[in-house]
Amino acid sequence: RRCMKKSKGSFLFSGLLGLMVFLLLLTVAIESSRAALHAMDSLYTQWELARAAGDFRARVETYLRYSVDSVVVGEDRAGSQLLCYGHKGSVRRKYYLSYSPTADCELLFMDSWHFHAKKGTNPLTPPHLAVKQLEIRELEPGKILWSMVLVHRRTGKEKQIREVFSYGTG
């Protein structure tokens, strides 16, 4: 029996063929990983918007239900604003949209004040979520309709919030 000896050219060709197959498989893996990462990012953004909406609902609903006797709905340059008046001596609040220079977008803010203390201002939405189209209407005594859109600034995805809140029932 005679052993066939491979020529240097065929050895080089099979090496290059193996390298090309490896690079092709690597490209397919990278593309599918990129698609999976994009899908995971999209799911995370949706979760983040839902979490922020839930946090907003919990904060506002609890305060309106248990600490507010009357409200005044008004308008300013950015949209609706809500003034809340509670039990005698309790904290008063104002909810409104305003431009935040640190976030470089409109955020939902809450001013709180008490007869014997300075006014405090706090954002109710995180800086990576802009707020637009704030509309608040009193439907009837004891009920308001609150509508706004949360916008994830990096992705542009939006979440509409439309809630009826009761007040003065606590």
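How many disulfides does a search of the whole structure find? The search finds 0 disulfides, a disulfide being a pair of cysteine sulfur atoms within 2.5 Å. Welcome to this predicted model, in which local features need pLDDT of at least 70, side-chain atom pairs count only at pLDDT 80 or more, and totals for chains, interfaces and linings use all residues. Residues are numbered from 1 along each chain as its sequence is written, and side-chain values use heavy atoms, with hydrogens and water left out.

**Overall layout**

- The protein chain has 1 helix and 8 strands; helices (H or I, at least four residues) and strands (E, at least two) are DSSP runs, numbered from the N terminus.
- Along the sequence, these elements follow the pattern α-β-β-β-β-β-β-β-β.
- The protein chain has a radius of gyration of 29 Å, well over the 15 Å that the globule rule gives for 170 residues, so the chain is more spread out than a compact globule. This radius is taken over C-alpha atoms, and the globule rule is 2.2 Å times the number of residues to the power 0.38.
- Taken along the principal axes, the C-alpha atoms fill a box of roughly 105 × 30 × 25 Å.
- Of the 170 residues, 32% count as buried; buried means under 20% relative accessible area, exposed over 50%, and partly exposed in between (1.4 Å probe, protein chains only).

**Nonpolar cores**

- The largest nonpolar core has 28 residues, and those with the most contacts inside it are Leu64, Leu82, Tyr95, Leu108, Ile144, Trp146 and Met148. Such a core is a set of buried Ala, Val, Leu, Ile, Met, Phe, Trp, Tyr and Cys residues joined through side-chain atoms within 4.5 Å.
- Elements that each supply at least two residues of this core include α1 (8-67), β1 (68-76) and β2 (79-86), and α1 gives the most, with 7 residues.
- Apart from it lies another core, of 8 residues, among them Ala103, Cys105, Leu107 and Ala130.

**Aromatic rings and charges**

- The structure holds 6 aromatic pairs. Rings of Phe, Tyr and Trp (its six-membered ring) pair if their centres lie within 6.5 Å; planes under 30 degrees apart count as stacked, over 60 as edge-to-face and the rest as tilted.
- Trp146 and Phe165 form an edge-to-face pair, 6.2 Å centre to centre with 85° between the planes.
- Trp146 lies in strand β7 (residues 143-152) and Phe165 in strand β8 (residues 158-166), so their pair ties together parts that are 19 residues apart in sequence.
- The charged end of Arg93 sits over the ring of Tyr63, 3.9 Å from its centre, while Lys94 lies over the face of Tyr96, at 5.0 Å from the ring centre. A charge sits over a ring if NZ of Lys or CZ of Arg is within 6 Å of the ring centre and within 35 degrees of the ring normal.

**A look at His87**

- His87 is found in the loop between β2 and β3 and is partly exposed, with a relative accessible area of 37%.
- Leaving aside its neighbours within four places in sequence, His87 is in contact (heavy atoms within 4.5 Å) with Tyr66, Ser67, Asp69 and Arg92.
- His87 and Ser70 are 17 residues apart in sequence and 9.2 Å apart in space, C-alpha to C-alpha.
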